[in-house]
Amino acid sequence: MKFPARRTPPQTDLPASRRIAALAGTVVAALALAGCTAETPGKTATPVDEATTAAPMTPSAAGAPEGFEDFYAQDLEWTDCRGGYECATATAPLSWDDAEAGSIELALVRTRATGEKVGSLLVNPGGPGGSGADFVENGSFGEPLRESFDIVGFDPRGVQDSTAVECYDDEAKDEYLSEDFDLSTDDGLEAARASTAAWAEACAANTGELLGEVDTQSAARDMDLLRAVLGDEQLHYLGFSYGTSLGATYASLFPERAGRLVLDGAIDPTLDADEISAGQAVGFENALRAYVTDCQAGADCPLTGSVDAGMQQVRDVLDRAYDRPYPTSGDRDVTQTLAFYGVAVTLYAEQSWPVLTQALDEAINVGTGDTLLYLADFYNDRNADGSFATNSTEAFTAINCLDSAGATDLETMRAEAAEIEEAAPTMGSFFGYGGLSCADWPYPPAEQEYDVAASGADPIVVIGTTNDPATPYVWSEGMADALDSGVLVTYEGEGHTAYGRSNDCIADAVENYLVEGTVPEDGLTC
């Protein structure tokens with residue numbers, strides 16, 4: 001799940017969370033280059049042999065809703081792209097309530113099964129705002145999945161290479177993502193609300209009607225369309241973090257079409273936006289405490305004294321950034337918001353903790369913020385030239401505001417913010433007042449049209465990590481309980497999500513279920 005910039009409701013995960021484990025191995029070497037970023041793989045396309053592509057089912061066999069048969073009947077044209085992958089564009093309705101309202105495009109990337117094919121496996125890395133198309137290239141998929149499935153990633157509606165949400169230009173977005181506000185004062189709250197209102201206005205002006213149609217229910221209906229045009233009778237799916245919400249919503253809307261679903265780093269579907277903010281604040285507080293404990297047990301840790309003292313020293317770094325932003329070797333200073341990003345992004349995987357140590361040592365003992373800025377830019381998908389590689393920030397806000405806006409009245413937000421700070425004294429102040437993001441959003445939240453129990457669905461495997469900062473473990477317990485067919489698997493460890501970054505026990509549970517249909521024992525602990 002992505003976290004807030006003192007204004008954004010933290011309802012999801014880092015879109016690039018599957019890359020975070022690589023930070024320790026890449027950031028230290030890259031620091032001397034001050035923010036260099038990986039180039040987007042080339043997308044030059046050549047046609048794929050049509051004889052090798054699966055034909056979609058007839059609309060009636062695929063279960064097309066009345067009026068949407070033409071969408072379900074489309075043929076995908078796959079082309080070679082991205083240096084060994086295949087790309088296609090699917091057409092989806094702008095509105096699933098009105099087939100005549102127009103259409104949008106959904107970007108797809110797939111890698112073919114290398115062995116005997118079970119079917120297609122749709123994947124989503126999280127967000128909301130994460131690119132499933134990029135995830136096919138960057139995700140850690142075990143060989144059993146690569147052998148048995150065409151692994152297909154898609155950019156959900158509003159995201160990146162699909163028809164996308166647009167708000168600010170790069171310069172204005174850069175400023176927006178680095179602003180600080182003192183939310184303990186009326187003036188600070190008024191300034192913060194004016195900032196988010198201007199952002200919302202720009203999103204509406206530059207995106208148009210799509211802005212009101214990017215809710216998770218609509219994206220889940222897109223997934224059923226993709227299932228059909230890929231030629232699958234049931235949807236097999238692997239989703240991480242926010243991707244678990246997307247998968248659970250699909251199962252609830254189409255329980256009879258939900259095949260083998262694995263939901264890793266789950267979000268409890270019974271929680272509202274404010275409860276999610278509070279839970280995530282505690283999750284990051286706990287993850288930071290685990291980091292401080294580990295740091296102080298080793299050499300060269302800049303945090304001294306007890307663990308509580310070390311936590312306070314991290315908070316001091318964040319507070320100093322508000323009073324006096326940290327200078328860098330470039331022309332940008334590190335504000336408190338950017339410093340928070342820089343600290344929090346490393347808590348997604350313990351492999352990144354050494355980079356946080358380097359950033360804190362630089363801030364505490366040198367008084368500069370180059371490493372913090374590098375990490376903040378990594379989180380925000382900001383390139384060295386000031387451009388942004390993705391629209392994850394735009395899509396994140398747009399989707400969240402349609403899914404659950406949270407409280408927007410000042411008295412309620414203040415009370416909730418106080419409770420959050422009491423529960424998470426180091427990190428909590430960055431998770432309060434989440435309702436500001438959606439207070440002036442031009443579209444209301446979508447009405448929920450399904451029962452979260454997904455009655456009648458095949459077993460749905462839910463994976464929780466015991467000290468996951470972004471999607472706390474209790475959320476996975478909550479999702480498994482809410483789903484009639486939920487099966488809970490626990491990874492005892494640190495970091496966000498488990499499959500692809502934990503151990504063989506988790507890998508076997510996921511792969512045996514997806515490939516062979518072998519359901520893991522409910523309550524399995526790895």
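A quick word on the model: it is predicted, so local features need pLDDT of at least 70, side-chain atom pairs count only at pLDDT 80 or more, and totals for chains, interfaces and linings use all residues. Residues are numbered from 1 along each chain as its sequence is written, and side-chain values use heavy atoms, with hydrogens and water left out.

Let's start with the cysteines. A search of the whole structure turns up five disulfides, a disulfide being a pair of cysteine sulfur atoms within 2.5 Å. Counting bonded cysteines along the chain, the pairing goes 1-2, 3-4, 5-6, 7-8, 9-10.

| Disulfide | S to S distance | S-S torsion | Hand |
|---|---|---|---|
| Cys 295 and Cys 301 | 2.0 Å | about 110° | right-handed |
| Cys 401 and Cys 438 | 2.0 Å | about -85° | left-handed |
| Cys 505 and Cys 526 | 2.0 Å | about -55° | left-handed |

Helices and strands here are DSSP runs numbered from the N terminus (helices H or I, at least four residues; strands E, at least two).

How open are these cysteines? Buried means under 20% relative accessible area, exposed means over 50%, and partly exposed is in between (1.4 Å probe, protein chains only). Cys 401 is buried at 1%, and Cys 438 is buried at 7%. Cys 295 is buried too, at 6%, as is Cys 301 at 17%. In the remaining pair of the table, Cys 505 is partly exposed at 30%, whereas Cys 526 counts as buried at 14%.

Next up is helix H10, which covers residues 273-296. Its 24 residues reach 35 Å from first C-alpha to last, close to the expected 34 Å; that expected span is 1.5 Å times one less than the number of residues.

Finally, have a look at Thr 471, in the loop between strand S9 (460-467) and helix H17 (473-482). Thr 471 is buried, with a relative accessible area of 1%. Its side chain reaches the backbone oxygen of Gly 265 at 3.4 Å. The Thr 471 side chain also makes a polar contact with the side chain of His 496 (3.4 Å). A polar contact is a pair of N or O atoms within 3.5 Å; within protein, one must be able to donate a hydrogen and the other to accept it, and residues adjacent in sequence count only if both atoms are side-chain atoms.
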